[in-house]
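Here is a short report for a reader meeting this structure for the first time. Please look over the sequence and the model, then read on.

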Amino acid sequence: MNPRSPSFSSLRPMAAMRRASSISSRLSSAVSNAEQGEEPTNNSAHQGLIEEEIAEIKRYEDFSTIDWVQDASREQARRKARRRQAAGLYDRGQIGWRYHLWRSYDAAQGWIVVTLIGVAIGLNAALLNIITEWLADIKMGYCTAGFYLNEAFCCWGEESGCSDWHRWTGLAPLNYFIYFVFGTFFAFVAATLVKSFAPYAAGSGISEIKCIIAGFVMKGFLGLKTLLIKSLCLPLAIASGLSVGKEGPSVHYAVCTGNVISRLFNKYKQNASKTREILSASAAAGVAVAFGSPIGGVLFSLEEMSSYFPLKTLWRSYFCALVATATLAAMNPFRTGQLVMFQVEYKHDWHFFEILFYVLLGIFGGLYGAFVIKWNLRVQAFRKKYLGQYAILEATLLAAGTAVLAYPNAFLKIDMTESMEILFSECGGGTESYHGLCNADERVWNIILLLVATVLRIGLVIVSYGCKVPAGIFVPSMAIGASFGRSVGIIVQALHEANPQSVFFSACKPDEPCITPGTYALLGAAAALSGIMHITVSVVVIMFELTGALNYILPTMIVVGVTKAVSELFGKGGIADRMIWFSGFPFLDNKEEHNFGVPVSQVMRTSVVTVPVHGLTLGEVEQLLADDRYQGFPVVEDNNTKTLVGYIGSTELRYAIDRVRRGQSASSTAKCVFSPSPANHPPTTPITPAVFHAGESSSSPMLDFSRYVDSTPVTAHPRLALETVMELFQKIGPRVILIEYHGKLTGLVTVKDCLKYQFKVEAAENPKDDHRIVEGQEQVWNLFRRAGFWVSGKLLNWSGGRIRLTNSPDEELTRGRGEPILDGDEDDEDEGLELESRRQ
């Protein structure tokens, strides 16, 4: 056996040490719980107790993958046990009202859970909307009628300010400075709280949630602490002025809410597949409250989040989104009846000649998405390599720089949702427009401001998305598309007014407005959102639910279709998919089509550590388990013939050995048996592995671990196409697939092996000049260091030596976070090499 070629490895050393202590404590607790019921009379109860304890232990195995095949098998066993229990009660005539009540409660438990989750998500969303609006307005001024009121509530019913709302001072430069201080302080507090209490609360969370729903375990990512810090820091991050949005983080805190509440019910605590349903439904509710779009949220969960979405999950998602949206509507945070601030209605129809300009918006959306994805990934690589130790400083400086750039621009200094409300709105109705947006004599200046806002916002999104505060990219992208779309709409409106008799505008009616610039802003926002996320149907439905205008569905579909076509020219997958592969998570995207043309034998691992049915001693098994790289072992008849018998996970084996050590005085020389019981003869061994003697002349006991062996692992033929094997991973979700030929084990393959081969093929087909990129990163980092030392030196001289920010220009700055995580079985010598070219 080659120890460098694990059968299924665990985590790298530091992560493995953290996991080992956790698993040990869980094992001890599980064994103690099981030993309290050592002598039950029903063998199915024994087996059920074992499976529940092992499932509880596996829930704490961080950065591992869920085996959906085993999870489905456990669920079938639970259902069978419940049916047997019910049949026994009927036979004994013990069925009463209590049993019928419990059975009804068990059947309705899923709907109870999603109702509670929907209400909690709706309440949280309403509260965060209120806090965010107040924090965003407090940078500009305060309300004398009540300091707790934002500008909209302070001047309720007024169109353009009121006497109760005051700027902080009468001096514009001083207001500029206060705006700068507030924004910087908000970002500093948010980054400090995230780093100190819940690092998983940073970022959007959509990429990680996609992997978690697919079966990747990230302990704490959906925990209560993450939920609290995400909810607390999200308004601070938005109000700081950073070019980040709340819609992506809304999905994260919604899924955290679903996970926390569902864990209060044993039905979901012990079943990963049912938990997956709840997480998918929670994701739908998160998008629903973020956009005020319940159907769009369900479609987003279907199109983007879930790799497995049966009809039952669809109903759960629909109901959860409905309850969350109804709760948000009941709270009515804006006191306007609108679920989101930028909800609008249009009175005028569109014309067919405008399709030409709609296509232009679609092209912009596709180019925007490709540009931002490419350069944001490069910024992420730079951040990961150089800025890992400076997360708080980075977020603070980004907020400071954003405040300096945004304040002079009327469309950048206000909150992004407020700016979209302004840009989406129609002109007319006797109301005064913001910054003369509807005034013909100010068109040129507003077009310049809008285009400058578009360019600056794109740059700010590239450098801000991914910093260590709660940060989404939905709303920033929509704001970019809205500013560009509004500028295009104003230009088209000016062209029509300059040439009203032109044949091109012959469809316009003379007695009513022909061009509605606000619709161009709406369609530009749809194009940018589709371009950055590579989603189509859900964007169209979200935009329809925002406007309620059936007549604008066709323009939205045209724009999104063009955006999708342009985006596909520059690569598949939106920014969430690219972040998954940048981080190295083991996720097979079912939206990608592959044609490798090779059998799985070219990808599988041939040097595999196996466990024979007979021959190993307890000490040898413990020695195998001492190496935390192994997550499981194929069981064979013997190491010479390699005839495949089954598969045993390392968690199950640790659990069994711990029971042996606690319950009996088994020596390290005791022989171990791993022969699974026949299918028609269920195991009758007790809950603790049996100890017996092979014969009269043998004094060495034997330990029977048969009940822990999976006798029906997922297997494949060596000549099976790699694409088919990847579909097996996607559709039935095993942790590992064993490769056998005529009943003999020839190798095994994991998701990571498939991804490695895929990355190698893509790197060979699209070679990149990474050397220049690395050199550019080094030059940028050296520039940052020189600027930092210059500022430090000036501050040191100004303070007379009392304030020192750095020690010396020659100190070595430590690198950021460690290497990427796959499913834990990387070899040191080739660790991460396949991904390196894709991270630049």
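Ile295 is partly exposed, with a relative accessible area of 39%. The model is predicted. Ile295 sits in helix H12, which covers residues 294-305.

Ile295 belongs to a nonpolar surface patch, together with Trp111, Leu311, Leu314, Trp315, Tyr318 and Leu322. Helix H13 supplies the largest share of the patch, five residues.

## The chain as a whole

The protein chain has 840 residues, and 54% of them are buried. Its secondary structure comprises 28 helices and 11 strands.

The accessible surface comes to about 36700 Å². Carbon and sulfur atoms account for 60% of that surface.

Helix H13 runs over residues 311-331 and includes Thr313. Thr313 is buried, because its relative accessible area is 2% and the cut-off is under 20%. Setting aside residues up to four places away in sequence, Thr313 touches Glu277 and Ser280.

Glu277 also forms a salt bridge with Lys312, at 3.4 Å from N to O. This pair links distant parts of the chain: Lys312 is in H13, and Glu277 is in helix H11 (residues 272-291), 35 residues apart. Lys312 is partly exposed at 37% relative accessible area. Glu277 is buried at 10%.

How many salt bridges does the count come to? The count is 10. One of them joins the side chains of Arg443 and Glu497, at 2.8 Å from N to O. Here too the pair links distant parts of the chain, with Arg443 in helix H17 and Glu497 in helix H18 (residues 474-498), 54 residues apart. Arg443 is buried, with a relative accessible area of 13%. Glu497 is partly exposed, at 45%.

Arg605 and Asp753 form another salt bridge, with their closest N and O atoms 3.0 Å apart. Arg605 lies in the loop between H22 and strand E3 (611-612), while Asp753 lies in helix H26 (residues 751-765), so the bridge ties together parts 148 residues apart in sequence. Both residues are buried.

## A buried helix

Which residues of helix H22 are buried? They are Ile575, Ala576, Asp577, Arg578, Met579, Ile580, Trp581, Phe582 and Ser583. That is nine of nine, so helix H22 (residues 575-583) is largely enclosed by the rest of the structure.

Just after H22 comes Gly584, with a positive phi of about 80 degrees.

Ile648 is placed in strand E5, residues 644-649. Its relative accessible area is 0%, so Ile648 is buried. Gly632 is 16 residues away along the chain, yet the two C-alpha atoms are separated by 5.7 Å. Beyond four places in sequence, Ile648 touches Gly632, Phe633, Val635, Leu653, Phe674, Tyr708 and Val709.

Ile238 is in helix H8, residues 224-239. Ile238 counts as buried, at 10% relative accessibility. Its contacts, leaving aside neighbours within four places, are Thr132, Val244, Gly245, Lys246 and Asp415. Ile238 and Val469 are 231 residues apart in sequence, and their C-alpha atoms are 9.6 Å apart.

## Two histidines with positive phi

Most residues other than glycine have a negative phi. His435 has a positive phi of about 55 degrees, although it is not a glycine. His435 is in the loop between helix H16 (416-424) and helix H17 (443-464). At 31% relative accessibility, His435 is partly exposed.

His742 also has a positive phi of about 55 degrees. Its loop lies between strand E10 (737-741) and strand E11 (744-749). Is His742 buried or exposed? His742 is exposed, at 70% relative accessible area.

## A positive patch

Lys80, Arg82, Arg83 and Arg84 gather on the surface as a patch of positive charge. Lys80 lies in helix H3, residues 68-91. Lys80 is partly exposed, with a relative accessible area of 46%.

Terms used:
Residues are numbered from 1 along each chain as its sequence is written. Side-chain values use heavy atoms; hydrogens and water are left out. Patches are made of residues with over 30% relative accessible area and no salt bridge: like charges are joined within 9 Å, nonpolar side chains (Val, Leu, Ile, Met, Phe, Trp, Tyr) within 5 Å. Accessible areas come from the Shrake-Rupley method with a 1.4 Å probe; for residues, only the protein chains shown count as cover. A salt bridge is a side-chain nitrogen of Lys or Arg within 4 Å of a carboxyl oxygen of Asp or Glu. Lys and Arg count as positive and Asp and Glu as negative; His and the chain ends are not counted. The place of a charge is taken as NZ of Lys, CZ of Arg, CG of Asp or CD of Glu. Helices (H or I, at least four residues) and strands (E, at least two) are DSSP runs, numbered from the N terminus. Buried means under 20% relative accessible area, exposed over 50%, partly exposed in between (1.4 Å probe, protein chains only). Contact means heavy atoms within 4.5 Å.
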